Amino acid sequence: MSDLQNINGEFENVSPTGGELEGAFPGSVHPTASGGILVTKLDEVINWARSNSLWPLVFGTSCCAIEMMSTASAKYDWSRFGFEVARATPRQADVIIIAGTIVNKMAPVLKRLYDQMADPKYVIAMGACATSGGPFFYNTYSVVKGADHVIPVDVYIAGCPPRPEALMHALITLQEKIRKGWTREQIKNNNSISNGQ
Amino acid sequence: MYRETQIISDGTKSPPSGGDLEGVGDLVINVGPQHPSTHGVLHLVITLSGETIKNVEPHLGYIHRSIEKMCESLSYRQFIYVTSRMDYLSSHINNHGCALCVEKGLQIEIPPRAKVIRVLMDELTRLASHQLWWGAMAMDVGALTPFFHAFREREMINDIMEETCGARLTMNYMVPGGVMFDLHPNFQKRVKEFIELFKSKIDEYDELVTDNIIFQNRMKGVGYLSKEDAISYGCTGPTARGSGVSCDIRKLYPYEVYIEVQFDEIIETGGDCFARYLVRLKELRQSLSIVEQLIDNIPEGDFQAKTKAVLKLPKGEFYSRVETARGEFGVYIVSEGGTTPYRIKFRSPGFSNLSALNHMAKGYKIGDLVAIMGTLDLVIPDIDR
Amino acid sequence: MSNEELKIKLIELIPSATFEEGNEWMTINIESSNWKTVAQQFRSTAGFEFDYLFCLTCVDWKTHLTMVYHLTSTIHRHTLVVKSKLDRNNPEIETVSDIWRTAEFHEREVYDLFGVKFSHHPDLRRLLLTDDFNGYPLRKDFEDPVNMIKL
């Protein structure tokens, strides 16, 4: 009997202390004579799969990009959490991490990249500049005061630049948000289903 | 603003970029602003004939954050830290340049301990910047592993900085008059450990990349810049030193304690990408030796000279220059006697280095363009300000 | 060459130049109309040979604009600062991008941010701002109530 099997021989995602395992597969296997049967809700499985393999888009404009590169490299390593491949093309990416200041000349480029990404897509605004303009809020004529003037954002990270651990925390928060169904995509889809469309 | 990819079929059409550059059958493509190898947001409009480059035109401004205008409303203590965000890989050195300019205006004398601490921090920053350059350059050319090696060592420097200055990347540590805090008690020990470790790592870098035959074939003979052109285009730093121009500010116009420290100015005469690569790699060793010479001889005393809380520069203009990892960074302040500067101009090294890109890349292939941009070591926020 | 020797040679070359005192480097003020000839002489005359233009900028004094050029010589290691007053309503000056190639980008930037026109520049258009930007931001009378949030 392995750890995941309970007293009846059923497989459950229960931690040794009895609570539900965070981030574990949202389903259980009931053993039958010939093999196990997977019993679970489809939505939960899809959300679990999506959250565990988010591929970020390589989009760094200024200083926060260096902290993003640090998070990708050996010491902080975000590929442990599924962000294995950082894609250069928006067609193959799931999450866009806006690392750096957005200026008026760059805003249409950002919008175009976001439009080119395929659904479901998520956005993380990293750093003070992408959240609200940051140190360039007052007396500048060319800075967009917050990336959410251009595209809708799911997770904001504070810091100038935020530590790699802060970026990891934000990525894990995004994963939890996806699993629980709280991102804009999912709310929009749920509303449209419940409105009978 | 965007150039749509187009094939020129009519040779008499006048191209928007001026000059008769496009012939029949030429292809105009965009590289960037979002591209893995543009080191930031640089938009290049390249005119190709087949795969050979005929013209490269940089379009800037995708990270123009109006820093010069903003600084006109910040006080003399505040504007220093905005320059950390300009060339964020040499953030200490940028701050140092600004602090030197303010001190020149106020004619403050800095205590010797502060001078040595500033030079130590500058050289550690130069090491970190060259490490990242090396990793990113190898990644651009196609070797993905050196990126992780470079960041592993860079994290050690970041940890040392974090203990003393409080931040990893944009360390707001220099103030007019000295430095903000004293060194952490662990600083000397950790730096000595780092020096011991890094000496063997530079040999490892040489083994991994410099002696690699594929890398050498990619870099040798590519992107030639002659000495006269380097001076005419205003190139400074390793870009110019790879073409034989002697322009190290630490040697020509020494500041702080550079006059008491033994180090060589690395000059190569090849003028191609490999020469510029070798200059930076050898500079790693020189910076390490400067740190080694200074780490045991930090004088005791104050780390900050006494200054007033609100600084007012007298009427006039002041210019100070420092050697960042990319070249000469100049700060030109025009003051009218108030608490905020009247006009600040930052002479950024990348701006002039980038203007030589078109000249260097003509006649080579697109793959060579990536190698050339890598050796120029561009940081686009530094160019756009 | 030291500042005094430089001053003597400059007075010989350009009798109409005025000097500013009190700065770290020799600073002269010249007329904008004869800048091109003077620049060529600075570049090629033996004894001057200013081959390295390291800073090119403009300052807006509310009644007029002033162009500032910082020149140095890599051979003799002396530095010179050249200033030239321009009329605010129609600022125009000759380009020096054929003498010092670095001026090409710097002059485009000054045109972009201040509105100074450089005649015979190979490619004078906006560099840092969007092509449809109205106005010249670094001038002192630039107002932009939409974007600029004043502290």
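How many helices and strands does the secondary structure of chain C come to? In this predicted model, chain C comes to three helices and seven strands, and read along the sequence they follow the pattern α-β-β-α-β-β-β-β-α-β.

**Chain C: overall form**
- The radius of gyration of chain C is 17 Å, close to the 15 Å that the globule rule gives for 151 residues, so chain C is as compact as a globular protein of that length.
- Taken along the principal axes, the box filled by the C-alpha atoms of chain C is roughly 55 × 35 × 25 Å.
- Of the 151 residues of chain C, 34% count as buried, and among its contacts between residues at least 6 apart in sequence, 44% join residues at least 24 apart.

**Chain C: strands E3 and E4**
- Strand E3(C), residues 52-61, is mostly covered, with eight of its ten residues buried.
- E3(C) runs antiparallel to strand E4(C), residues 64-72, and nine bridges join the two strands.

**Chains A and B: the contact and helix H2(A)**
- The contact between chain A and chain B takes 28 residues from chain A and 26 residues from chain B.
- On the side of chain A that touches chain B, helix H2 (64-72) and helix H3 (107-116) each supply at least two residues, with the largest share, three residues, coming from H2(A).
- By class, this side of chain A has 16 nonpolar, eight polar and four charged residues.
- Nine of the nine residues of H2(A) are buried, so this helix is largely enclosed by the rest of the structure; among the buried residues are A:Cys64, A:Glu67, A:Met68 and A:Met69.
- The buried residues of H2(A) pack against strands E4 (95-99) and E5 (122-126) and helices H4 (127-132) and H5 (164-180) of chain A, together with helix H4 (145-165) of chain B.

**Chain B: two domains**
- The domain assignment of chain B gives domain 1 (6-59) and domain 2 (67-384), whose C-alpha centres lie 32 Å apart.
- The contact between these domains takes 13 residues from domain 1 of chain B and 18 residues from domain 2 of chain B.
- The side of domain 1 of chain B that touches domain 2 of chain B has, by class, five nonpolar, five polar and three charged residues.

Key. Residues are numbered from 1 along each chain as its sequence is written. Chains are lettered from A and ligands numbered from 1 in the order in which they are written. This is a predicted model: local features need pLDDT of at least 70, side-chain atom pairs count only at pLDDT 80 or more; totals for chains, interfaces and linings use all residues. Two residues are in contact if their C-beta atoms, placed from the backbone, lie within 7 Å. Helices (H or I, at least four residues) and strands (E, at least two) are DSSP runs, numbered from the N terminus. Ala, Val, Leu, Ile, Met, Phe, Trp, Tyr, Cys and Pro count as nonpolar, Asp, Glu, Lys and Arg as charged, and the others, Gly among them, as polar. Domain bounds come from an automatic or database domain assignment. A residue is buried if 20 or more other C-beta atoms lie within 10 Å of its own, exposed if 12 or fewer, and partly exposed in between; C-beta atoms are placed from the backbone. Two strands pair if DSSP finds at least two bridges between them. The radius of gyration is taken over C-alpha atoms; the globule rule is 2.2 Å times the number of residues to the power 0.38.
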